[in-house]
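I opened the model to see how the chain is put together. These are my notes, in the order I looked things up.

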Amino acid sequence: MKHDHASFAQPAPYAPTRAEVADRVRRFLPLVRRTAWHINGRGREGLEIEDLVQAGILALTECAQRHAGPTEDGFAAYAKIRVRGAMLDEVRRVAHDSRTAPAKRGAYERALGALRGR
């Protein structure tokens, strides 16, 4: 008995159109701006909001192109993680210090001030 294997074929992968990608980017742009202000508010010297927004928009566009599905199921969470990660990568790229250097520098300044006060 022969079987028709055409019915078992995998469906073609979903590829969003340019209009769908542009629509997703436009709708999630406030997320990018809010995340940029949040990350910049932690005292990142030498880093402009526009740089963070640009990194976030690039990540959001990539997410919108790669998201497998025409629905928004999970896209918001996926985009939030990717946008935040791209912005933190930009912060790390620009910063010359390690993550703990500012805290250590602050502790040093406080100890120095305490010693001067004596």
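The entries below go from the whole chain to single residues.

**Ground rules.** I am working on a predicted model, where local features need pLDDT of at least 70, side-chain atom pairs count only at pLDDT 80 or more, and totals for chains, interfaces and linings use all residues. Residues are numbered from 1 along each chain as its sequence is written, and side-chain values use heavy atoms, with hydrogens and water left out.

**Whole chain.** I started with secondary structure. The chain has 4 helices and 0 strands. From the N terminus the order is α-α-α-α. Helices here are DSSP runs of H or I with at least four residues, strands are runs of E with at least two, and numbering goes from the N terminus.

Next I looked up burial. Of the 118 residues, 28% count as buried. Buried means under 20% relative accessible area, exposed means over 50%, and partly exposed lies in between, with a 1.4 Å probe and protein chains only. The accessible surface comes to about 9000 Å². Carbon and sulfur atoms hold 56% of that surface. The areas come from the Shrake-Rupley method with a 1.4 Å probe; for residues, only the protein chains shown count as cover.

Then I checked contacts, meaning heavy atoms within 4.5 Å. Among contacts with a separation of 6 or more, 66% are between residues 24 or more positions apart.

**Helix α2.** I compared its length with expectation. The expected span is 1.5 Å times one less than the number of residues. α2 has 18 residues and should span 26 Å; its end C-alpha atoms are 26 Å apart, so the two agree. Its buried residues are I49, L52, V53, A55, G56, A59, L60, C63 and A64. Their cover includes α1 and α3.

**Helix α3.** This helix covers residues 75-94, which is 20 residues. From first C-alpha to last it reaches 28 Å, close to the 28 Å expected. I listed its buried residues: F75, A79, V83, A86, M87, L88, E90 and V91. They pack against α1 (18-40) and α2 (49-66). A general point on spacing: an α-helix has 3.6 residues a turn, so residues three or four places apart point the same way.

**Core.** I looked for nonpolar cores, defined as sets of buried Ala, Val, Leu, Ile, Met, Phe, Trp, Tyr and Cys residues joined through side-chain atoms within 4.5 Å. The largest has 23 residues. Those with the most contacts inside it are V32, I39, L52, L60, F75, V83 and M87. α1, α2 and α3 each supply at least two residues of this core. α1 gives the most, with 8 residues.

Leaving aside neighbours within four places in sequence, V32 is in contact with V53, G56, I57, L60, V83 and M87.

**Rings.** Which rings pair? Rings of Phe, Tyr and Trp (its six-membered ring) pair if their centres lie within 6.5 Å; planes under 30 degrees apart are stacked, over 60 edge-to-face, and the rest tilted. I got 1 aromatic pair. F28 and F75 form it, edge-to-face, at 5.0 Å centre to centre and 75° between the planes. F28 is in helix α1 and F75 in helix α3, 47 residues apart. Both F28 and F75 are buried.

R24 also turned up here. Its charged end sits over the ring of F75, 4.8 Å from the centre. The rule asks for NZ of Lys or CZ of Arg within 6 Å of the ring centre and within 35 degrees of the ring normal.

**Single residues.** For the contact lists below I skipped residues up to four places away in sequence.

- A64 is in helix α2 and is buried, at 0% relative accessible area. It touches P16, V21, R24, V25 and F75. A64 and A22 are 42 residues apart in sequence and 8.2 Å apart, C-alpha to C-alpha.
- E72 is in the loop between α2 and α3. Is E72 buried or partly exposed? E72 is partly exposed, at 31%. It touches R24, R27 and F28. The C-alpha atoms of E72 and R24 are separated by 9.1 Å, at 48 residues apart along the chain.
- N40 is in helix α1. N40 counts as buried because its relative accessible area is 19%. It touches L47, I49 and L52.
- E90 is in helix α3 and is buried, at 17%. It touches L47 and A55.
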